[in-house]
Amino acid sequence: MIPLSHYLLVSAILFTIGAVGVLIRRNAILIFMCIELMLNAVNLSFIALAAYQNLVDGQVFVFFVITVAAAEVAVGLAILVYLFYQRLTTDVDDINSLKG
Amino acid sequence: MPDLSNLPYEQAIFYLVSALAVGCALAMILSKNAVHAALFMVANFGLVAVLYLLLRASFIATIQVIVYAGAIMVLFLFVIMMLNVQEADPRSSRGPQDRLFTLGSLAPLLGLGLLGALAYVALGVKQPAATSGGLVFANIQDVGALLFTRYLYPFEITSLLLLVAMIGAVVLAKRR
């Protein structure tokens, strides 16, 4: 039987890759995808922790996380498309008007 | 219901799929082309769905493939292709010296620190005694029963959230 900590380790590695991706990528769409990667990593640890305690609650929670992620992507990509039509770029270094 | 507490080659599948998932994630954040990144992301989601199956979460594995790898990533690919965005070459207009976080500066250090902290927590977790006889298969019936009893109010609030997101997306898309 696979130890629970190995599942959590895979989840930690995926989360870290997502976090590093958010830092090093400049394209807003790719940053968005890295955030999805981090959400997915957290989902994996939810499912692993729930499965190893014979609970189904973790799966229900992941269901909610996926729903929220879908809503977030719909609104976020709409904002990105709007921003692209305004600025003709999705590079986060060029979108700096909130800096004042 | 067949006994699913022991699957054949479970260890080998776990380590192979985990390595492939991590490789796909790395390829995703390092690929120059946004479309390639999106396709690596789809592969990563598919591989994580296999991990969900190994954890006997068949319903979540299914909606992972349908909603994440299907709907969400197709939306991403659609926007990438519609806007035709490419990451600017870091050496062209702005040098990497203007950016605090690049692959050559602080980001890998922060990543290693985060990974170290998370791995310390992950390896410190004790194996619960509840599953010494193997994992129990949780089918869609178990998930649905819980979803419509204990988690009924969160479920209803989720429907409201989806409605708000839909209206928000339509309003943002209409404004020019």
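Is A:Cys34 buried or exposed? A:Cys34 counts as buried because its relative accessibility is 1%, where buried means under 20% relative accessible area, exposed over 50% and partly exposed in between, with a 1.4 Å probe and protein chains only. The structure is a predicted model, in which local features need pLDDT of at least 70, side-chain atom pairs count only at pLDDT 80 or more, and totals for chains, interfaces and linings use all residues. Residues are numbered from 1 along each chain as its sequence is written, chains are lettered from A and ligands numbered from 1 in the order in which they are written, and side-chain values use heavy atoms, with hydrogens and water left out.

**Extent of the interface**

- The contact (heavy atoms within 4.5 Å) takes 68 residues from chain A and 84 residues from chain B.
- About 7200 Å² is buried between chain A and chain B, and carbon and sulfur atoms give 76% of that area; buried area is the accessible area (1.4 Å probe) that two parts lose on being put together, summed over both.
- On the side of chain A, the residues that lose the most area to chain B are A:Met1, A:Ile24 and A:Met33, together 9% of what that side buries.

- The rule finds one salt bridge across the interface of chain A and chain B, a salt bridge being a side-chain nitrogen of Lys or Arg within 4 Å of a carboxyl oxygen of Asp or Glu.
- B:Arg150 forms a salt bridge with A:Asp57, and the closest N and O atoms are 2.5 Å apart.
- Eight residue pairs, both residues at pLDDT 80 or more, are in polar contact between chain A and chain B; a polar contact is a pair of N or O atoms within 3.5 Å, where within protein one must be able to donate a hydrogen and the other to accept it, and residues adjacent in sequence count only if both atoms are side-chain atoms.
- By class, the side of chain A that touches chain B has 49 nonpolar, twelve polar and seven charged residues; Ala, Val, Leu, Ile, Met, Phe, Trp, Tyr, Cys and Pro count as nonpolar, Asp, Glu, Lys and Arg as charged, and the others, Gly among them, as polar.

**B:Thr158**

- B:Thr158 counts as buried because its relative accessibility is 11%.
- A polar atom of the side chain of B:Thr158 lies 2.7 Å from the backbone oxygen of B:Pro154.
- Not counting residues up to four places away in sequence, B:Thr158 touches A:Phe64 and A:Thr67.
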